[in-house]
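Colleague: I am new to this structure and would like to know what stands behind the words used for it. Could we take them one by one?

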Amino acid sequence: MDVHDLTAAYALDALEPAEAEAYEAHLGQCEDCRAQLAELNESAAALAFGAVAPAPPAHLRESILAAAAAERSNVVPLFRRRFAPRVLAVAAAAAACVAVGFTVAALRPGGTHLVATVVLAADRTATLQVDGLAHAPQGKTYEAWVIPAGGAPRPAGIFTGGGLTLRGKVPAHAVVAVTLERAGGVSAPTTTPLVEART
Amino acid sequence: MSRQLAHLSDEALVLMAARSEESALAELYDRYGRAAYGLALRVVRDPALAEDAVQEAFLALWNSAARFVPEKSKASTWILTLVHRRAVDAVRREQRRRADSLDHAPEPSVGGVDEDAWLRLQRERVQAALRSLPDAQREALELAYYGGFSQSELAERLGQPIGTIKSRMFAGLSRLRELLGEPGTEVSWTSTI
């Protein structure tokens, strides 16, 4: 069976679970399929509008909003504190605070603050978005860290700007931090965090 | 109810939802809740199951909005994909009788007198596009998308090789894309408010 042929069926949710899983694995490696799926998904979703749509019961809206509020993603924006380094597990491991401070200051001459937002899903996977972050300079990458309460920083992925889905699960009361590292990332932070958020 | 966010794009609302803005989720529900419910009901054929599918989908949206990549997909596509997947999961889980989705006839007369003009227009466009497909392609799309049948089930039910089913689904979706993508058919939200 050629897995490329499964795109339309996948877009229609017409694969058996095992087939869908195989196709998703393939999708990660096949740019053509990703592009085609994006197109066919649009067509499939258009079919949704072909169904007659009676008004949903009024309580459904309230029920969804109440459940969303109860599951409220855990978001704690923290401003970057360039001149008030706190003793964090990350900071303890830092070796080149001044250099980083300098690099960041150079990147952001206006000194505007960064805002980190961690969105924690119910299954404790999380995404991190950092607003105000310039694209990482040549040869460098941003690296995210998850620091469990009382634990050592665990590398959670590298990115060059914007944000990312954090690798692994994020425990309660952890700190998510971002440092600037050499391209490719490192296994333990070598610089002071640019920004951090508590979950 | 005032709709202070009515001027924002769907994509902007998803980004706000990623920041846990409940008002953004509410606005997305106000835009797509009805289409979502109609879709779920069509697939699961049971009001309680349809509600569950819609609720699960909107909560999935809420919890994973940060992973949405606006460059890659329209927000409405994403939302309806979430709804559809949950509806299909439900109908397969429940092992409900899906044979009745073979009948195209027993559509509820219309969506009701209060149905949004925009939704009605969309429905007419999609139904017209579906009618213009070759019968075999339309049948494959309808059974798969509205009936929740897998391609293997379709092959068995229609007595066709699975390759034929795949080709029909692909050709049908591709043609639908051409038909619905024709210029002059784009309808913006602002026209409905």
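Modeller: Let us begin with the word helix: helices (H or I, at least four residues) and strands (E, at least two) are DSSP runs, numbered from the N terminus. By that rule the secondary structure of chain B comes to eight helices and zero strands, and from the N terminus on its elements run α-α-α-α-α-α-α-α. This is a predicted model, in which local features need pLDDT of at least 70 and side-chain atom pairs count only at pLDDT 80 or more, while totals for chains, interfaces and linings use all residues. Residues are numbered from 1 along each chain as its sequence is written, and chains are lettered from A and ligands numbered from 1 in the order in which they are written.

Colleague: How many helices and strands are there in chain A, and what pattern does chain A follow along the sequence?

Modeller: Chain A has six helices and seven strands, and, read along the sequence, its pattern is α-α-α-α-α-α-β-β-β-β-β-β-β.

Colleague: What makes B:V88 count as buried?

Modeller: A residue is buried if 20 or more other C-beta atoms lie within 10 Å of its own, exposed if 12 or fewer, and partly exposed in between, with C-beta atoms placed from the backbone. B:V88, which lies in helix 4 of chain B, has 24 other C-beta atoms within 10 Å and is therefore buried. A:A45, in helix 3 (residues 31-48) of chain A, counts as buried because it has 23 C-beta neighbours inside 10 Å. For the whole chains, buried residues make up 45% of the 193 residues in chain B, and 39% of the 199 residues of chain A.

Colleague: How do you know that the buried residues of helix 1 of chain B are on the same side?

Modeller: In helix 1 (residues 10-18) of chain B, the residues B:D10, B:L13, B:V14, B:A17 and B:A18 are buried. They cover an arc of only 150 degrees around the axis, so they lie on the same side of helix 1 of chain B; the arc is that of the directions from the helix axis to the C-beta atoms.

Colleague: Which residues is B:V88 in contact with, leaving aside its neighbours within four places in sequence?

Modeller: Two residues are in contact if their C-beta atoms, placed from the backbone, lie within 7 Å. With those neighbours left aside, B:V88 is in contact with A:D13, B:V43 and B:G148. The C-alpha atoms of B:V88 and B:V43 are separated by 6.8 Å, although the two residues are 45 residues apart along the chain. With its neighbours within four places in sequence left aside as well, A:A45 is in contact with B:S76, B:T77, B:L80 and B:T81.

Colleague: How many residues does the contact take from chain A and from chain B?

Modeller: The contact takes 48 residues from chain A and 62 residues from chain B. The largest share of the side of chain B that touches chain A, eleven residues, comes from helix 2 of chain B.

Colleague: What makes strand 4 and strand 7 of chain A stand at the edges of their sheet?

Modeller: Two strands pair if DSSP finds at least two bridges between them. The open sheet of four strands has the order 4-3-6-7 (chain A), with antiparallel pairing. Strand 4 (154-159) and strand 7 (195-198) of chain A each have a single partner strand, so one side of each is left without a neighbour in the sheet.

Colleague: How many bridges join strand 6 of chain A to strand 3 of chain A?

Modeller: Eight bridges join strand 3 (residues 140-147) of chain A to strand 6 (residues 175-182) of chain A, and these strands run antiparallel. Strand 6 of chain A also pairs with strand 7 of chain A in the antiparallel sense, over four bridges, and in strand 7 of chain A the bridge partner of A:V178 is A:V195. Seven of the eight residues of strand 6 of chain A are buried, so this strand is largely enclosed by the rest of the structure.
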